[in-house]
Amino acid sequence: MEKIIPSSCKVIIILLFFSFSVCSQVRMACNCESVTKGFVSQDGFANQDEIVSWVNFRFLPLFNEMAQKRHSKTPPIKGINVIPVFCVGGNGAVAKKCEKEKASLNGNPFLILYDDYFINKIEKNNALNVLFVLAHEMGHLLSNHYHNTIPVDVDYEAYLKKTVKGYKPVFISKDVETQKMTVRERHIEELTADAFAVWFLRMYYEKNKKDPNIAKKFDPDKINDVLPQIKSVFPSMFNQETTHPSCEQRTYFVKKLNDFDNWSQVSNFKKTLGGFASEFIDSTLTVLTQEEAKQMGLAVERAKEKTEGDALRIKGLDLFRKNYFEEAKVNLQASREIYTRLIFPEDSAKVTAELKEVEEILSVRSFMHFSILGNSSFANYQLKSEGQNINATNAIVGQLGLRLGRYSYDSPFGLEVDATYDLEAWQFDTYSNDRKSLERFKTSTITVQPKLTYRFLSFSKSNKIQGFVFSAGASWMKPIKFEYLNFQVPAQNLGIRLKPSWGFTVGIGFENINRKPTLNIWGLCRVAIVSSYQPLVFDISEPLPQNYSAAAWTVGLSASVGILPKFLIKRKLDN
Ligand SMILES: [Zn+2]
């Protein structure tokens with residue numbers, strides 16, 4: 001189909017005033033100063049003149065002519081600056097009035113800022129879409145909606161502040177003209193701008209319908225299809241329920257306005273220019289049936305409920321981010337309930353996915369995990385022969401190793417196996433009563449300790465469990481590179497070996513276990529005081545005296561931190 005605009009002209013203009021400017025960054029980036037100084041300029045269409053022409057030479061004269069007919073005392077608007085910028089981003093377009101900066105705008109403070117990508121995209125679908133967006137934006141300007149920011153709904157802000165931990169109010173810089181309004185007032189402004197869009201397109205049609213081309217392209221039925229078409233290209237634009245009525249509500253409104261009777265009424269208004277916008281919408285509402293008007297009211301209520309659902313979701317995600325899973329779950333569930341009841345399937349699907357993530361974490365009952373482990377102990381060697389203690393020196397022993405543990409949220413019991421290796425060979429000497437060294441024992445060891453753990457005095461938050469842990473288990477020690485020196489009888493230096501032996505170990509410590517599988521080493525950590533008893537079993541060619549015994553008692557500190565993510569996760573069965 002031929003385009004309304006010559007094909008060389010890739011575009012046209014756009015929208016909404018508030019319309020598509022929602023976040024504060026966008027507002028800040030698109031402030032008058034940035035725009036007039038060209039900080040945010042974008043390369044526009046190949047033929048931007050066409051866009052300017054539609055706004056200033058086709059639509060605006062229709063409006064000024066109407067105003068003149070009505071003997072409006074307001075001076076006609078001479079022109080609107082239409083500027084491609086990148087700061088409106090995904091919002092498509094905004095309308096602004098830059099009174100202070102108008103000197104650098106040819107004395108004309110009215111602006112429509114648009115995003116080139118957005119315009120191109122919806123224009124490909126149907127050039128009428130672009131004209132609608134443009135006329136909608138003009139509607140905001142002509143209705144005096146050019147305060148510079150999205151309105152702040154005071155109740156909604158207060159609600160968010162109260163319910164969302166760490167919620168930061170919308171930032172509004174002091175040089176921005178603000179206006180506070182409710183969701184309902186805001187929606188009425190958007191419908192007013194839509195009414196303008198219909199008015200411009202329909203008036204253009206009425207004036208030029210003798211031209212079959214124009215009659216065909218501006219057919220009122222086609223005007224009715226514009227919003228759904230834009231939605232099909234940019235669905236996200238219609239997600240802003242706080243600031244805009246839904247696409248369905250707006251489409252309904254557009255259709256209603258285009259009905260023959262309604263159009264006759266609105267096009268034959270006898271009102272002042274200043275009251276045009278509000279009376280325009282009033283005149284539309286009066287021709288709704290009672291039932292329809294009630295539905296429009298319900299739509300506003302519904303939008304308010306939706307914002308509550310949004311707030312709960314924001315809060316839930318915030319808690320989720322902070323690892324408060326139980327609390328996040330409650331909020332996300334409440335949010336989903338609202339979305340489902342109000343039939344917002346997309347939001348419902350999103351929050352369901354988020355909820356699933358939380359439930360997945362909460363469903364973990366137990367898991368296995370590796371930790372890196374370090375011990376430092378004081379070792380006391382006890383050797384006895386024929387009931388007599390043999391003097392022996394003490395040692396400090398340091399070990400490094402791995403721990404494989406099974407951890408549970410449900411049960412206080414756990415299992416773990418530590419495998420450690422001495423950082424340095426330990427040694428001790430036996431000595432005579434006159435403190436003369438008799439023998440020296442030196443070795444490194446590998447120690448493996450399978451243990452049972454028991455958690456007590458623990459408290460659990462939804463994101464973690466902390467508590468004291470008692471552990472007890474066996475200790476198997478295998479000597480490596482054992483060396484023996486007998487200072488008195490060097491001949492005995494050979495032929496003595498230290499054999500692997502079984503002992504036992506106990507410990508008491510404090511443990512932290514996070515619920516969310518994470519690479520954060522503190523997500524799983526423990527510090528403990530540990531003690532062990534390890535018999536020293538020698539293989540000696542000489543017969544040993546009867547009642548000979550040797551053992552090491554150690555007591556020291558142990559610390560472990562998780563180093564590998566959880567695996568072998570066991571989940572709770574669904575009820
Ligand atoms: Zn708008």
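In which helix is Gln 333 found? Gln 333 is found in helix α15, where helices are DSSP runs of H or I of at least four residues, numbered from the N terminus. This is a predicted model, in which local features need pLDDT of at least 70 and side-chain atom pairs count only at pLDDT 80 or more, while totals for chains, interfaces and linings use all residues. Residues are numbered from 1 along each chain as its sequence is written, and side-chain values use heavy atoms, with hydrogens and water left out.

**Gln 333**
- Gln 333 has a relative accessible area of 32% and is therefore partly exposed (buried is under 20%, exposed over 50%, partly exposed in between, with a 1.4 Å probe and protein chains only).
- Not counting residues up to four places away in sequence, Gln 333 touches Leu 355 and Glu 359; contact means heavy atoms within 4.5 Å.
- Gln 333 and Leu 355 lie 22 residues apart in sequence, with a C-alpha to C-alpha distance of 7.1 Å.

**Helices α15 and α16**
- Helix α15 (residues 325–342) packs with helix α16 (residues 345–362) at an angle of about 155 degrees, the axes being 9 Å apart.
- α15 is therefore roughly antiparallel to α16 (angles over 145 degrees count as such, on a range from 0 to 180 degrees between N-to-C directions, with axes fitted to C-alpha atoms over the stretch in contact).

**Nonpolar core**
- The largest nonpolar core has 57 residues; such a core is a set of buried Ala, Val, Leu, Ile, Met, Phe, Trp, Tyr and Cys residues joined through side-chain atoms within 4.5 Å.
- Helix α7 (residues 183–208) gives the largest share of this core, 11 residues.

Terms used
Helices (H or I, at least four residues) and strands (E, at least two) are DSSP runs, numbered from the N terminus. Angles under 35 degrees count as roughly parallel, over 145 as roughly antiparallel, 65 to 115 as roughly perpendicular and the rest as oblique.
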